[in-house]
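Please look over this structure with the notes below. They cover the ligand shell first, then some backbone details.

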Amino acid sequence: MKTTTGPEEKQLSLFDIVPEKSPEASAIKGSVFSDPAFASNKSLPIHRWVPWIAGFSSDFVKQALRTYLNGEGPVLDPFAGVGTTLVEAVLSGYNAIGFEINPYAAMACRVKLEASCVDRNILKTEILKLGYFYRDKFSSGFVPKTMPPEGFRTRADFYSPKVLYKVLIIQDFIATIQDHSIKDIFMLVFAATMVSYSNYSYEPSLARRVSSGKQEIIDFPVFDIFTAKLTEILQDITWFQTKIIDDKVSGLMIYEYQSR
Ligand SMILES: C[S@@+](CC[C@H](N)C(=O)[O-])C[C@H]1O[C@@H](n2cnc3c(N)ncnc32)[C@H](O)[C@@H]1O
């Protein structure tokens, strides 16, 4: 009896979907499709909010949406990461739905997508209030109420004492924020900057600075880097909200995330 085997399993690439000799294929070769990495996002509004290795480049996503969707949505990203695809989908006028298992990435994703409805006046006010709070507490020898998380154990102290003190004052302030979207932005700013003033660094996974020949960070202008990031986010939210009005992009955004 003659036996047949099924077609060999093979991972599809964009060149399999688009015939090699079609005009689309020539446009794709030498285009952003040949470099789908996240690095270029580091300087782009919204995408630049958090450092992240495993993400798509926004140009790659934009071009994929333009090439394959023809205005037909919604866009579903079952592995949403920090939301590059979802953000680009919304900016291109699609409704977007995403799932993400990593709570940090899911939060980054949600905060980015909620940027369209954030009240910028409340954000500005909270940034100003942080300034007053921080300067007042730092100069008065205040004892922060926030404690470092109990289960968080590292081989060496994550922060030097001076840095930890500054971090805890900022955490105390975050605890006072009533508006949930604004509080999430502050939490995201902490998540995005926390390693840069710690005694660890991305190598590319988290490792002690001394193990990679870098000096320990004894002290650091934590407040300055924190407010610089907040200001960047405020600027990007203004850009996002203006773009949504000017380009009449999707009004309804659906985003779900799954955390452990
Ligand atoms: C390459 S990244 C996604 C990039 C993203 N699509 C973008 O637009 O930049 C893959 C993501 O899948 C997530 N992931 C892995 N397994 C998952 C699961 N079972 N459910 C949801 N998310 C998952 C990972 O946490 C990771 O953030």
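1. A residue counts as near a molecule or strand if its C-beta atom, placed from the backbone, lies within 6 Å of it. The ligand is surrounded by 14 residues. The closest are Gly55, Phe79, Gly81, Thr84 and Thr85.

2. This is a predicted model: local features need pLDDT of at least 70, side-chain atom pairs count only at pLDDT 80 or more, and totals for chains, interfaces and linings use all residues. Residues are numbered from 1 along each chain as its sequence is written.

3. What is the make-up of the shell around the ligand? Its residues divide into seven nonpolar, five polar and two charged. Here Ala, Val, Leu, Ile, Met, Phe, Trp, Tyr, Cys and Pro count as nonpolar, Asp, Glu, Lys and Arg as charged, and the others, Gly among them, as polar.

4. The peptide bond from glycine 73 to proline 74 is cis. Its omega is near -5 degrees. Proline 74 sits in the loop between helix 3 (58-68) and strand 1 (75-77). Helices (H or I, at least four residues) and strands (E, at least two) are DSSP runs, numbered from the N terminus.

5. Isoleucine 46 is not a glycine, yet its phi is positive, near 70 degrees. It lies in the loop between helix 2 (23-28) and helix 3. Is isoleucine 46 buried or exposed? It is buried, because it has 23 C-beta neighbours inside 10 Å. The cut-offs are 20 or more other C-beta atoms within 10 Å for buried, 12 or fewer for exposed, and partly exposed in between, with C-beta atoms placed from the backbone.

6. Asparagine 70 also has a positive phi, about 45 degrees. This residue is in the loop between helix 3 and strand 1. Asparagine 70 counts as exposed, because it has 7 C-beta neighbours inside 10 Å.
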